[in-house]
Amino acid sequence: MGCNKKALVALIGSVLMVGATQVNAEPTATMLANTCAGCHGTEGKSVGPASPNLAGISKAYFIDSMNGFKNDERPGTIMNRIAKGYSEAQIDAMAAYFAGLPVYKAEVPHDAAKAKMGAEVYDKSCAKCHDENGALPDDDAGILAGQWLPFLEYSMADFQGGHREMPKKMKKQVEKLSDDEIAAVLNYFASQK
Amino acid sequence: MANFTRRKFIQVAGGAAAISTLGFPAIVGAAGGKKVVVVGGGVGGATAAKYIRMADSSIDVTLIEPNTEYYTCFMSNEVLSGHRKMESIKVTYDGLKGHGVNVVHDTVTDIDAAGKKVMTAGGQTFEFDRCVVAPGISFQDNIEGYDAAAMEKMPHAWKAGEQTVLLRKQLEAMPDGGVVAIAAPPNPFRCPPGPYERACQIGMYLQAHKPKSKLIIMDAKDKFSKMGLFKQAFERYYKGTIEWVGASDGGKVTRVDAATNTLYVGDTAHKVDVANVIPAQKAAAIAEKAGLTNDAGWCPIDGRSFESSMQPGVHVIGDASVASPLPKSGYAANSEAKVCAAAIVELLNGREPGDPALVNTCYSVVGPNDAISVAMVYDLQDGKLGKVSGSGGLTPSDSSPEMRSREVQYAYSWFENIKNDSWG
Ligand SMILES: Cc1cc2nc3c(=O)[nH]c(=O)nc-3n(C[C@H](O)[C@H](O)[C@H](O)COP(=O)(O)OP(=O)(O)OC[C@H]3O[C@@H](n4cnc5c(N)ncnc54)[C@H](O)[C@@H]3O)c2cc1C
């Protein structure tokens, strides 16, 4: 390591000045994200049956979700209690970490017949916003492909029950669908590999 | 200079050379070697071994654990209710081998912290630069007559495996109309909500198969974890089946007679059909042998790295450590292991450990389609582990049946993920 003493002394001088205004050292993004793995799987790859995969989800969606939980605008079981433990900067760091991982689609048990029917529902009602069968992080809508079925069902129940706000376009589409069609399309998303 | 943190300082100054100039000789000395020995392959030890390898595959990691398969305590209460088979709580060490962990099945008999060596019953010696000790718990002699032989008659089932099977068999063999007693331990102990979740699980079994039977929890305490929520569950599902007796009402078991299945509170005798006696606890024997324990029998640590405050170079995680306010839980052990792993990787690479971040979540399945939870986020505050204010807490007592049934699903999700995150 080419670290000579003079350069080091110079560095220390500047660090001391920075140090004086430094309030808190932050845990690294990996350290923060590792606390999620107990429930969401190592590196955000959940092995189910209900916790969503976090690997590859968009930064914006992650931040939005955490803030939703934090402010009790999105229903949850324990996530509302956990999200309150992280600062904006920490949530940002975790978001960047998960967004940096490749999208993970789990092997999700699902109803194949329903999934088949769901393909049509998807094309007709969802494809416009949830690109690539719900596998595209860039649409900032959360990754639906290969997501655990109970999680998809809970999310939809919250949307339909008015506990979680739906974007206007989504609301319009969802209201047109029957219960069977909704069940079908959720199975379709779960079946994506 | 109050706001000046050592870590930031070193991060910017950069590298091992900088540290030596600044005077952290202990760190530099370690930079030459990269051998870690992990004692115990439970949640804590397995996670630490895996995460060290994930962060730095140049580090040589040996995990020493006597058993070739491990049964998780978490969800073992569902084995007692019959909702689950032993097979589903079993994990092996194949996953860790896949991460390049050298898994040795042997029992550690001593740890020489100064000489940096671990000795085993099989006569092997392992040298280390850093040692992680995660041996779990052992029992204290707080109940007269509860010796090794009594354990075979009045199983504690507080280490999953044969004891779990034994207790399940006793429940199956019990006639309808029988009485089951759970003697709950004093604080601190492994899994604070555990005895009460167990009561609910056994309660489900009794109601379905032996409805005339009763379960009594004889407690060495007057208060317990998630008490309001558990009492709500006792009232909701187990009225007339489960009764809880606190210490001041005569619940504190002081003596047992295994031959007659009798529990004594002072001179008062309670003869029961099945006795699940959970004694007071302390760190596992090897921790004491290695000089890692304080007067209370637990291992004090530094919250940044989980390095022992008593034996430098040796780190203690999981139930054996004093990581309060984190509870002695599987999630906590897993979270502590990652902090410890990251710190060891930094230290072995000549850097100062960063700030830790930890979480705990504990689910208890208390009835058909009904689970409750406690959660908390932790960090380092003025050099000590602390709860992040505003975070965490319990399932609200008025949460809807829909949310309670979701908690069951999330409990099972957690179970699959924690197993995989630790041993997979
Ligand atoms: C009934 C019950 C239910 C529970 N439910 C939950 C739950 O729902 N959620 C939760 O988070 N936690 C739960 N827990 C708690 C959880 O099981 C413990 O907190 C966790 O196992 C602690 O991990 P550990 O690594 O410290 O110890 P352990 O998992 O006990 O592992 C210790 C390992 O060290 C080995 N060992 C011991 N001595 C030596 C030696 N000398 N040499 C080599 N190896 C050695 C042992 O064989 C063992 O494999 C529950 C516990 C119980 C009893």
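## Aromatic pairs, a covered ligand and a contact between chains

B:Tyr196, B:Phe224, B:Phe230, B:Phe234 and B:Trp244 come together as one aromatic cluster. Rings of Phe, Tyr and Trp (its six-membered ring) pair here if their centres lie within 6.5 Å, with planes under 30 degrees apart counted as stacked, over 60 as edge-to-face and the rest as tilted. By this rule, the count over all chains is 15 aromatic pairs.

Please keep in mind that this is a predicted model, in which local features need pLDDT of at least 70, side-chain atom pairs count only at pLDDT 80 or more, and totals for chains, interfaces and linings use all residues. Residues are numbered from 1 along each chain as its sequence is written, chains are lettered from A and ligands numbered from 1 in the order in which they are written, and side-chain values use heavy atoms, with hydrogens and water left out.

**Aromatic pairs**

- In chain A, the ring centres of A:Tyr122 and A:Phe189 are 5.6 Å apart and the planes meet at 85°, so this pair is edge-to-face.
- A:Tyr122 sits in helix H7 (residues 112–126) and A:Phe189 in helix H11 (residues 179–191) of chain A, so the pair ties together parts that are 67 residues apart in sequence. Helices (H or I, at least four residues) and strands (E, at least two) are DSSP runs, numbered from the N terminus.
- A:Tyr122 and A:Phe189 are both buried. Buried means under 20% relative accessible area, exposed means over 50%, and partly exposed falls in between (1.4 Å probe, protein chains only).
- How are the rings of B:Phe230 and B:Phe234 arranged? Their centres are 6.4 Å apart and their planes stand at 35°, so the pair is tilted.
- Helix H10 (residues 227–237) of chain B holds both B:Phe230 and B:Phe234, four residues apart, which is about one turn of the helix.
- B:Phe230 counts as buried because its relative accessibility is 0%, and B:Phe234 is buried as well, with 7%.

**Charges over rings**

- A charge sits over a ring if NZ of Lys or CZ of Arg is within 6 Å of the ring centre and within 35 degrees of the ring normal.
- B:Arg168 lies over the face of B:Tyr205, 4.7 Å from the ring centre.
- B:Lys328 is placed over the face of B:Trp298, at 4.0 Å from the ring centre.

**Around the ligand**

- The ligand is surrounded by 36 residues, and the closest are B:Glu65, B:Tyr70, B:Arg190, B:Asp319 and B:Gly330. A residue is near a molecule if one of its heavy atoms lies within 4 Å of it.
- By class, this shell has 18 nonpolar, twelve polar and six charged residues. Ala, Val, Leu, Ile, Met, Phe, Trp, Tyr, Cys and Pro count as nonpolar, Asp, Glu, Lys and Arg as charged, and the others, Gly among them, as polar.
- The protein covers 92% of the 1000 Å² of accessible area that the ligand has on its own. Accessible areas come from the Shrake-Rupley method with a 1.4 Å probe, and for residues only the protein chains shown count as cover.
- Elements giving two or more residues to the shell are helix H4 (43–55), helix H5 (76–81), helix H12 (330–348) and strand S22 (357–367) of chain B. H12(B) gives the largest share, three residues.

- Chain A has eleven helices and zero strands, and 50% of its 193 residues count as buried.
- A:Arg81 belongs to helix H5 (residues 79–83) of chain A and, at 8% relative accessibility, counts as buried.
- B:Ser373 is part of strand S23 (residues 370–381) of chain B and, at 0% relative accessibility, is buried.
- The side chains of B:Ser373 and A:Arg81 make a polar contact at 2.9 Å. A polar contact is a pair of N or O atoms within 3.5 Å; within protein, one must be able to donate a hydrogen and the other to accept it, and residues adjacent in sequence count only if both atoms are side-chain atoms.
- A polar side-chain atom of A:Arg81 also lies 3.4 Å from the backbone oxygen of A:Thr77.
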